[in-house]
Every structure is written in C-alpha cells, then in structure tokens.
Amino acid sequence: MTDTLAPLPPAILLMGPTASGKTALALALARHIPVEIISVDSALVYRGMDIGAAKPSAAEQVQVPHHLIDIIDPPHAYSAAQFTQDARLLMAEITARGRVPLLAGGTMLYFKALQDGLSDLPAANPAVRAELDQLAAEHGWPALHAELARIDPATAARLAPNDAQRIQRALEIHRLTGQPMSALIAERPHDPLPWRLLKIALLPSERSVLHQRIATRFTQMLDAGLLDEVRALRAAWPELHLGLPSMRCVGYRQAWHYLDGDIDRQQLIDQGIAATRQLAKRQLTWLRGMEGLVEVDCLLEGEAVLERVLGAWKMAAEKNV
C-alpha cells in the first residue's frame, strides 16, 4: 500500500560542548541552507550577558535570523518547559516561511526536553530552596550531591558535585514529591516532534585540544571586558545575586567572586577554565546518551566540518524525497 502521508519537514539540531564551534558552523550552514537559527542556550536568553555567554555579535545576528536571544533580564528565570514551548512555536513559524529551523547550542537539557517532552514536575518552592541553600552553606554542595546519590543515583551520576543549580533542583523535587527526579522524568509523556530531525553532534577527537580552546576562549573573554560586563549587570540590576540561574552561568559566578574580592585574578582564570571544562564534560555525557546522532569531529581543519555536515544534510534529504 502506498503511503500517502506527506514527509515531515526538516529541522537540524546542532549540538556540542562549549568551544566546539557551533556558532561559526551555524553561520556557515546558513550560506548553503535556508535556515533560521534558534538558540538552545540557557545563557543567551539574558540581556546584557554578551561576552561571558559568547553571544553571536550584532553583525552575525544580522547575517541570518536568530531567535531566543536577549529575551529576558538576568534577574528572571527561564525554564526547559518555556524553551520547549517557545522553540516548537518558532519551528512551526520558520517552516511555514519555507525555511529550515536550525537549533544550535549546548544546553543539552533543552534539547532533551524538546525531543522527549517534560514530566509534570513541581514548581520551584522558595522555602525548600532556602533550606537547601543553608545546608550547602554549612556543608558544601558535594555533601548535598552525596545525599542526592543516596536517594536518586541516576540523577547524581550525571551531575558534577558542585553543580549547585541542578543538585538543588533534584533535591527540591524529591522533598516535594517523595520521588526521585529520574523516575518522574522517565514517566513523562512522549509527544514526538513533527519534524524530520538531522541531529549533528560536534565532538572532539582529542579532549586536550578542546581544553586548550576553552582556556584560550576564557582568557579572551577577560580581555574583551567580562569583568566590566559583570559590573554593568550588577549596576543595572541591583537585585542580582549568585543564587539566580543567570549568575550561576560559567564565568559569571567566578567574575562575581573576583569583584567581591573573594579570589584573585589567577584564581579567577583557573576557576573559570576549570568550571568551563566541567561544563564541557557534562555536555559530552549528555550527548553520549542521545540516539541517532551524526558525529562530526569538531577539530577538523578548514572547511572539513562544514563539508561533513552538508554531506549529512544531502544524504538525509535524498532519503526523504
């Protein structure tokens, strides 16, 4: 029997760890494919956070339409559920314009939520979070990570011992529901995306080279004025504090401690680079758990990365003619 259903429209997911070249590749792809870029980055949503978030420049954003950049102020929060809702709407609008949604970034939770859906997790509870913050102040986040490993080993296994934001959320959910977050996520409803997804993963063939890229980029951010950017953020929004998701972003937390006199410049550099490496490690762990990826070595020279991705795009198109 002939299948009379029209093929699903295409979309590209461009994923990879920090410093793997996602922004440059997305812009290069736009020269060959009629795409609009949807940012999948929990830092790029914030206004005023440009240098530390490695936000595409104004000139780059003019070259090709970008979405979900500069949409909220740093004192506010933006969730995976909000991202999923916004991204689905944008994908539909881009497809209706006859263009291809290109979702590019490194916030793996957003990618996973978009593809697999979200369970009905409880809303944030200020009282529980205050209690957990107090425990962390007394005992340290590694101790709370150890508690999480006891009650929810699956979630703890993918979190670094100092990943305060995610450890807090997982413990909060357990205290509010009595169930591990991993079990609740496993029960989430499956609502497949009505797009034909080409999932590209930029992965380093040599982790040490990625680490060098990370170190170089962090020092370049400092040279570009990261500390002045954080000073300006604190002046513009006096209500900012380190407990907010925006200021928990890698680089911003370390710059905050430096400006408060808690660490010196060398410690700022060392801690910033170490935290960014930990972020990359977590991103790679997420990617290892994803299926159907087209893996591309992000360390290939010249136009090789672009050529590999364009080749994968062509093959995917030929399969669905």
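G16 is buried, at a relative accessible area of 0%; buried means under 20%, exposed over 50%, and partly exposed in between (1.4 Å probe, protein chains only). The model is predicted, so local features need pLDDT of at least 70 and side-chain atom pairs count only at pLDDT 80 or more, while totals for chains, interfaces and linings use all residues. Residues are numbered from 1 along each chain as its sequence is written, and side-chain values use heavy atoms, with hydrogens and water left out.

**Annotated binding site**

- An unreviewed UniProt entry gives a "binding site" covering G16, P17, T18, A19, S20, G21, K22 and T23.
- The lining of the second largest pocket includes S20 and G21 from this set. On a 1 Å grid over the protein atoms alone, a pocket is an open set of points with protein on both sides within 12 Å along at least five of seven lines, and lining residues have an atom within 4 Å of a point.
- The unreviewed entry also places a "binding site" feature at T18, A19, S20, G21, K22 and T23.
- UniProt positions follow the numbering used here, feature names are shortened, and annotations may be inferred rather than shown by experiment.

**The loop between β1 and α1**

- G16 sits in the loop between β1 (10-15) and α1 (22-29). Helices (H or I, at least four residues) and strands (E, at least two) are DSSP runs, numbered from the N terminus.
- Leaving aside neighbours within four places in sequence, G16 contacts K22, G105, G106, M108, L202, Q283 and L287. Contact means heavy atoms within 4.5 Å.
- T18 is in the loop between β1 and α1 and counts as buried at 9% relative accessibility.
- Not counting residues up to four places away in sequence, T18 touches L210, I214, R217, T276, L279, A280 and Q283.
- A19 also lies in this loop and is buried, at 12%.
- G21, in the loop between β1 and α1, is partly exposed at 32%.
- G21 touches L202 and R213, not counting residues up to four places away in sequence.

**Packing of α3 and α4**

- The axes of α3 (residues 80-96) and α4 (residues 108-116) come within 9 Å and cross at roughly 65°. Axes are lines fitted to C-alpha atoms, for helices over the stretch in contact, and angles run from 0 to 180 degrees between N-to-C directions.
- A80, F83, T84, A87, R88 and M91 of α3 meet L109, Y110, A113 and L114 of α4.

Notes:
1 Å grid on protein atoms, 1.4 Å probe; cavity = no way out; pocket = protein on both sides within 12 Å on 5 of 7 lines; lining within 4 Å.
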